[in-house]
Amino acid sequence: MKVQQLKWIYLIILALIWGSSFILIKRGLVGLNPMQVGSLRMIFAAIFLLIIGFRNLPRIPIYQWKYLALTAFFGTFIPAFLFAIAQTQIDSSVSSILNSLTPLNTLIIGTFAFGLQFKRIQIIGVFIGFLGTTLLIFNGAIHHPEQNYYYAILVLIATICYATNVNLIKRYLSDLSPLSISTGNFTVMLVPALVILFSTGFMNTVHKVEVQSAVFYIMILGIVGTGIANIIFFKLIQMATPVFATSVTYLIPIVAFFWGMLDEEMLTIVQLLGASIILFGVYLTSKK
């Protein structure tokens, strides 16, 4: 199969997986706190990746472990907790829409930190995207006073982390296999994630039915939504540009919005307009 066709297949698979991640986080928060959700997500992903990819670890050059640690920190560790905390206050569908700002931030960070070339239309796209973000957040705060939309800032910070991660991988880790990158990342994060989990008193609550149910959802999120998805994503980064790889966030809100409707989450007309403006801005930013 040609690379051009394969990268679109990867993009669609990632959209389906990551678009479903937000509802899994929401389900996990029913019996777990945000720190437990974030740490369990990484632990399940790490166990899965070490089982299938531990033989790749000796092949990683010593000098690249510092980049693996950085990409682990920005690409998974920080966002895993930020999204879990944010979704205690905002809907999963809103969280997924804000996540679509990742390509915009990828362009900004790539331009100023990694020398990525840009065109004027891409800068226009950045401003349009942030206009849509402002509209989405402020309208949501007005129509959902029971939700604290300041927590949306945490999702915005997570998108900056994702954008940094993509540029780091493209610049410093392109010569490693996707499985090596994924396994190396989660090997770095396993011990810190275990420390955080046990410090939350998780073992004292694991006997509860709602906790066991929540752990099941986070296990799916960790293995499929994080472990398998990361392998596919790193492969996509190596095949395409960083901005194309992060354009998966065009499709993620569509999947997440579908799950949100099934879970009785509804957006206002103005919020849908804001979401459309964001996606249009992302489209302009991703143009070559």
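Analyst: H8 passes H10 in a right-handed crossing. The term applies when the near helix is turned clockwise from the far one by less than a right angle, and left-handed when anticlockwise. The model is predicted: local features need pLDDT of at least 70, side-chain atom pairs count only at pLDDT 80 or more, and totals for chains, interfaces and linings use all residues. Residues are numbered from 1 along each chain as its sequence is written, and side-chain values use heavy atoms, without hydrogens or water.

User: Why are H8 and H10 called oblique to each other?

Analyst: Their axes cross at roughly 60° and come within 10 Å. Axes are lines fitted to C-alpha atoms, for helices over the stretch in contact, and angles run from 0 to 180 degrees between N-to-C directions. Under 35 degrees is roughly parallel, over 145 roughly antiparallel, 65 to 115 roughly perpendicular, and the rest oblique. H8 and H10 are therefore oblique. In H8, Asn165, Val166, Ile169 and Lys170 make the contact (heavy atoms within 4.5 Å). Their partners in H10 are Phe233, Phe234, Ile237 and Gln238.

User: What makes up the contact of H8 with H10 by class?

Analyst: It has 5 nonpolar, 2 polar and 1 charged residues. Nonpolar means Ala, Val, Leu, Ile, Met, Phe, Trp, Tyr, Cys and Pro; charged means Asp, Glu, Lys and Arg; the others, Gly among them, are polar.

User: Why is H4 described as roughly antiparallel to H8?

Analyst: H4 (residues 65-86) and H8 (residues 152-172) pack at about 160°, with axes 9 Å apart. That angle makes H4 roughly antiparallel to H8. The crossing of H4 past H8 is left-handed. Contact residues include Phe74, Ile78 and Leu82 of H4, and Ala158, Cys161 and Asn165 of H8. The contact of H4 with H8 divides into 18 nonpolar, 4 polar and no charged residues.

User: Why are H2 and H10 called roughly antiparallel?

Analyst: H2 (residues 21-28) and H10 (residues 209-239) pack at about 150°, with axes 8 Å apart. The pair is therefore roughly antiparallel. The crossing of H2 and H10 is left-handed. Among the residues that meet are Leu24 and Arg27 in H2, and Tyr217 and Leu221 in H10. The contact of H2 with H10 has 7 nonpolar, 3 polar and 1 charged residues.

User: How do you know that Asn139 is buried?

Analyst: Its relative accessible area is 8%. Buried means under 20%, exposed over 50%, partly exposed in between (1.4 Å probe, protein chains only). Asn139 therefore counts as buried. Asn139 sits in H7 (residues 120-143). From Asn139 to Thr268 is 129 residues in sequence, but 8.1 Å C-alpha to C-alpha.

User: Is Leu190 buried or exposed, and why?

Analyst: Leu190 has 19% relative accessibility, so Leu190 counts as buried. Leu190 lies in H9 (residues 178-199). Leaving aside neighbours within four places in sequence, Leu190 contacts Ile43, Ala46 and Leu50.

User: Why is Phe258 called partly exposed?

Analyst: The relative accessibility of Phe258 is 45%, so partly exposed is the label. Phe258 belongs to H12 (residues 252-262). Its C-alpha is 34 Å from that of Gly53, 205 residues apart along the chain.

Note on methods
Helices (H or I, at least four residues) and strands (E, at least two) are DSSP runs, numbered from the N terminus.
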